[in-house]
Amino acid sequence: MTVSAATRKKSDSLRDQIRHHNYRYHALDDPEIPDAEYDRLMRDLQDLESEYPELVSPDSPTQRVGDTPISAFGTVQHELPMLSLGNAFTEAELHDFHRRVLDRLDLSADADMVYAAEPKLDGAAVSLLYENGLLVRGATRGDGTTGEDITHNVRTIESIPLRLLGAGYPRRLEVRGEVFMPKAGFDAYNKKARKAGEKTFVNPRNAAAGSLRQLDPKLTARRPLDMFAYSVGIAEGGKSLPDRHSEIIDQLQEWGVKVCPERRVVRGVSGCLDFYASLGERRDGLAYEIDGVVYKVDSLAMQNELGFVSRAPRWAIAHKFPAQEELTEVEAIEFQVGRTGAVTPVARLKPVFVGGVTVSNATLHNIDELHRKDVRVGDTVIVRRAGDVIPEVVRVIPQRRPKGARRVELPGECPVCGSHVERGEGETVARCTGGLFCAAQRAEALKHFVSRRALDVEGLGAKLIEQLVTTARLKTPADIFRLRREDLEELERMGEKSADNLIRSIEASKATTLARFLFALGIREVGEATAGGLAAHYGRLEKLVTASEDELQGIQDIGPVVAARIRAFFDEEHNLNVIARLREYGVEWPEFDPTGTKKDGKLSGKTFVLTGTLPNLTRDQAKDLIQAAGGKVTGSVSKKTDYLVAGAKAGSKLANAEKFDVAVLNEGDLRSLVEK
């Protein structure tokens with residue numbers, strides 16, 4: 001049936017009206033018409049689209065809920081990482097953050113620093129990608145680098161526009177925000193679930209995260225979800241965004257994106273604390289759960305100058321509210337041994353519900369802390385979820401202490417292997433001296449070695465490692481690469497096919513990067529960021545192994561303590577023996593001879609994009625190689641791209657490279673650029 005111009009005009013008018021009223025209702029909380037009138041407009045559009053199916057478009061307000069559930073979640077590689085935030089729990093820590101900001105910007109202590117302040121929502125972080133104003137993808141934060149594709153679910157959330165309003169938005173705009181379940185909706189949903197005999201949610205945060213991970217969008221649509229945007233990620237094409245974070249948020253609201261009404265622009269620490277106190281007083285009356293306040297340096301130019309450390313920005317911090325507390329009893333105090341040999345006291349508690357979860361264990365940190373708080377078996381204690389995450393014992397109620405409760409002392413022998421427990425002068429942490437002889441350290445060290453951000457041996461999980469350690473098949477990381485199918489088939493729940501898959505996974509993990517390998521070794525104080533810095537600085541393991549403490553301290557962010565830990569690790573002959581065996585068994589990574597720092601590297605100032613499958617390098621290895629030589633790796637091809645590194649099955653990025661006249665390299669070309 002041919003659609004007349006008048007009918008098309010009517011349908012366009014209905015969509016524009018509905019989008020306008022959605023904006024007034026969801027983004028501004030200021031509706032112009034009663035619900036009945038809104039329902040009439042929606043019914044008129046539904047009737048029109050039913051009569052003329054060719055009028056239906058993906059961004060129509062009638063198309064929020066898909067008909068067909070998906071079978072599994074796809075993965076989304078974030079073009080810009082979705083970073084986590086550092087935390088401040090006290091005013092002193094906030095002052096320290098402010099001081100670091102001023103110091104890095106080379107500003108005086110009385111400088112007028114402007115911050116954008118907003119509530120820290122207790123929900124699930126999401127990324128929304130708009131192209132030419134249309135919502136084309138929704139993704140979870142995931143691990144910050146890779147998330148899950150939840151487009152089918154975010155489309156069901158009424159406060160998320162399927163099409164941006166107005167004009168002037170970038171051609172590609174990534175909106176980042178927090179999906180949450182309002183308190184009233186959470187209570188109503190649980191009440192209904194209890195009445196129907198269904199499972200209830202523990203807290204609004206779990207409710208939001210669980211709702212976004214439904215394979216059937218109709219189930220998500222039944223959940224009372226909402227969203228506030230708090231930042232943008234990529235923004236390409238069209239006009240430039242404002243140069244202040246607060247103004248970007250205002251601009252998003254003008255484009256129809258819902259933002260938190262409680263946000264403020266404040267000045268200095270005093271302004272931050274005033275906002276924190278004010279919001280804290282009103283916390284219980286808000287329609288949604290928050291667990292603190294986020295402060296961000298408002299100037300984008302200053303944000304860029306401050307940069308990032310590890311997986312968090314230097315220009316933002318979360319100031320947490322005091323955690324919820326409850327009374328419970330200490331049923332036992334045990335000592336756990338970590339992968340570095342740290343012997344840590346842990347309180348086993350009578351289970352208690354705190355902050356939305358049932359807590360039965362709490363850390364006592366170290367023997368000094370245990371003695372300072374004087375926690376004993378049988379004590380009644382106040383337990384708190386510090387930072388709303390880690391349960392800890394706050395203090396003892398001495399009036400309720402049972403007679404005969406004894407002071408707990410540090411054990412002289414390791415509770416796992418019986419080796420001597422020692423505590424260095426001036427150190428708070430006691431350690432088992434058993435090293436790889438201690439099964440607890442061995443198992444934890446191996447779990448770390450094969451973890452996803454280390455060697456990433458898929459299928460070699462914690463329970464399997466514990467079996468292999470218990471049966472003496474694994475004593476050092478090198479033993480992993482000597483495992484045979486026969487060794488694995490004898491283990492619980494390990495059949496022939498599973499064994500073959502694991503052997504293949506172990507073989508694949510041999511191709512890694514120097515940064516991952518260094519992180520996998522489990523050197524004390526050497527996390528991902530430090531391992532990456534060491535790899536980029538030295539390029540070759542042999543150079544790092546022979547580096548002096550003074551030389552190590554010349555690397556950014558490495559002080560005397562970390563330098564000493566690194567030097568001590570490589571001074572141990574058994575560590576070098578394990579590394580030699582690992583290399584003998586085929587563990588390898590690309591190496592290079594850096595000519596200087598990243599800023600003056602061979603690829604300094606050059607922007608690369610990776611696509612397809614390279615013959616000998618994984619995507620991470622190629623990225624590390626480029627970044628170590630000073631280059632920059634982005635996720636999409638544009639006029640600013642210098643090189644596209646293309647492997648087998650290259651996709652649309654290859655066509656875009658031809659469109660923008662971008663040079664295309666293969667793996668050999670890339671190696672030549674780095675090594676010439």
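**View 1. Buried residues of helix α17 and their packing partners.** The buried residues of α17 pack against α16 (514–520), α18 (541–545), α19 (549–553), α20 (560–571) and α22 (619–628). Contact means heavy atoms within 4.5 Å. The model is predicted: local features need pLDDT of at least 70, side-chain atom pairs count only at pLDDT 80 or more, and totals for chains, interfaces and linings use all residues. Residues are numbered from 1 along each chain as its sequence is written, and side-chain values use heavy atoms, with hydrogens and water left out. Helix α17 spans residues 528–538, and its buried residues are Thr 530, Ala 531, Leu 534, Ala 535, Ala 536 and Tyr 538. Buried means under 20% relative accessible area, exposed over 50%, and partly exposed in between (1.4 Å probe, protein chains only). Helices (H or I, at least four residues) and strands (E, at least two) are DSSP runs, numbered from the N terminus. Gly 539 follows α17 with a positive phi, near 75°.

**View 2. Helix α3 against helix α9.** Helix α3 (residues 91–104) packs on helix α9 (residues 268–282) at about 140°, with the axes 10 Å apart. α3 is therefore oblique to α9. Axes are lines fitted to C-alpha atoms, for helices over the stretch in contact; angles run from 0 to 180 degrees between N-to-C directions. Under 35 degrees counts as roughly parallel, over 145 as roughly antiparallel, 65 to 115 as roughly perpendicular, and the rest as oblique. From α3, Glu 91, Leu 94, His 95 and His 98 make the contact; from α9, Gly 268, Val 269, Cys 272 and Leu 273.

**View 3. Salt bridge between Arg 15 and Glu 49.** The closest N and O atoms of this salt bridge are 3.0 Å apart. A salt bridge is a side-chain nitrogen of Lys or Arg within 4 Å of a carboxyl oxygen of Asp or Glu. Arg 15 lies in α1 (residues 5–27) and Glu 49 in α2 (residues 35–51), so the pair ties together parts 34 residues apart in sequence. Arg 15 is buried, at 5% relative accessible area. Glu 49 is buried too, at 5% relative accessibility.

**View 4. Salt bridge between Asp 379 and Arg 401.** The two side chains meet at 2.8 Å, N to O. Asp 379 sits in the loop between α11 (367–373) and β17 (380–386), and Arg 401 in the loop between β18 (390–396) and β19 (421–422). Asp 379 is buried at 0% relative accessibility, whereas Arg 401 is partly exposed at 25%.

**View 5. A salt-bridge network.** Glu 79, Glu 131, Arg 172 and Glu 236 are linked by salt bridges. The structure holds 45 salt bridges.
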